[in-house]
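This briefing covers one protein structure. The sequence and model come first, followed by notes grouped by topic.

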Amino acid sequence: MKILVCISHVPDTTSKINFINGDSEFDTNGVQFVINPNDEFGLTRAVWFQEQQGATVTVVNVGGPDTEPTLRKALAIGANEAIRVNATPTDGFFVAKQLAEVIKQGNYDLVICGKESLDYNGGMVPGMIAGLLGYNFINSCIDVKVDGTSVKAIREIDGGKETSSTSLPLIIGGQKGLVEEKDLRIPNMRGIMTARTKALTVVEPIDANNSTKAVKFEKPAPKSAVKLVSADNLDELVSLLHNEAKVI
């Protein structure tokens, strides 16, 4: 089984976020980038398939040379090889077109994406890839088992879980649950050293139009000061909730 894991290169959630050029562009100065958490769950699951079922695991990213340390980390975790599409990921459709071409050329059986990246939270790319290629697609996936070409997957739905049967080739939008946080792989020294010798192939992008463009970013308004109300002063609490918070 050939598995492709799509990796997004995203800011660490502890990073301080700022914008430049009239709030139209993200400021990368001083920002630490990591593997998108939803993608990391998928990568760990792919490595499990590698260990248990002899699958080969390739990771792919759409981005410039600055994303290669993130791909090298994925190789250190256990991926066999990496592909970088040499393009700026300008919008979801552009990224989906690039990834669909990689999948088509590589003839992959199972494609694992994160259900969304934690920077833009668009959640568009996995479904777009499936639509472009005509592959089966399961989103919000928290468990997947493969037996030959048959697949049983579980996904989260509102108020519960849904179990589906499908077949390869398949694209999933994964999240926490594919593995638990305690099972995520931390690269050890041997993995880091081995990653240096694994193939990282750079391919040029195909022509694809950008369907959307970010015009302006805006950070959330700072939180207002907290007002403490004595536990025995219910009248004041009710007045604040009614007149200021306007929730009752």
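**Structural briefing**

A search of the whole structure finds nine salt bridges, a salt bridge being a side-chain nitrogen of Lys or Arg within 4 Å of a carboxyl oxygen of Asp or Glu. The model is predicted: local features need pLDDT of at least 70 and side-chain atom pairs count only at pLDDT 80 or more, while totals for chains, interfaces and linings use all residues. Residues are numbered from 1 along each chain as its sequence is written, and side-chain values use heavy atoms, with hydrogens and water left out.

**Sheet**

- Nine strands make up an open sheet of mixed pairing, in the order β11-β10-β9-β12-β8-β1-β6-β7-β13. Strands (E, at least two residues) and helices (H or I, at least four) are DSSP runs numbered from the N terminus, and two strands pair if DSSP finds at least two bridges between them.
- The edges are β11 (160-167) and β13 (200-203); each has a single partner strand, so one side of each has no neighbour in the sheet.
- On average, neighbouring strands of this sheet are turned by 30° against each other, direction ignored. Axes are lines fitted to C-alpha atoms, for helices over the stretch in contact, and angles run from 0 to 180 degrees between N-to-C directions.
- Strands β9 (residues 136-147) and β10 (residues 150-157) run antiparallel and are joined by six bridges. Lys145 stands opposite Lys152 in β10.

**Helices across the sheet**

- Helix α2 (residues 68-77) lies across β6 (56-63), β7 (81-86) and β13, at about 160° to β7; contact means heavy atoms within 4.5 Å.
- Within α2, Thr70, Leu71, Ala74, Leu75, Ala76 and Ile77 are buried. Buried means under 20% relative accessible area, exposed means over 50%, and partly exposed lies in between (1.4 Å probe, protein chains only).
- Gly78 follows α2 and has a positive phi, near 150°.
- Helix α3 (residues 92-106) lies across β1 (2-6), β6, β7 and β8 (110-114), and runs at about 150° to β6.

**Salt bridges**

- Arg185 and Glu51 meet through their side chains in a salt bridge (2.9 Å, N to O). This pair links distant parts of the chain, 134 residues apart: Arg185 is in the loop between β12 (170-174) and α5, and Glu51 is in helix α1 (residues 37-53).
- Arg185 is partly exposed at 27% relative accessibility, and Glu51 is partly exposed at 46%.
- Lys104 and Glu101 form a salt bridge through their side chains (3.6 Å, N to O). Both residues lie in helix α3, three residues apart, about one turn of the helix.
- Lys104 is exposed at 53% relative accessibility, whereas Glu101 is partly exposed at 22%.
- Lys145 forms a salt bridge with Asp143, with the closest N and O atoms 2.7 Å apart. Lys145 is partly exposed at 49%, whereas Asp143 is buried at 17%.
- A network of salt bridges links Arg45, Asp143 and Lys145.

**Surface patch**

- Met189, Ile192 and Met193 make a nonpolar surface patch of about 300 Å². Patches are made of residues with over 30% relative accessible area and no salt bridge, joining like charges within 9 Å and nonpolar side chains (Val, Leu, Ile, Met, Phe, Trp, Tyr) within 5 Å.
- Accessible areas come from the Shrake-Rupley method with a 1.4 Å probe; for residues, only the protein chains shown count as cover.
- Met189 lies in helix α5 (residues 189-195) and is exposed, with a relative accessible area of 59%.
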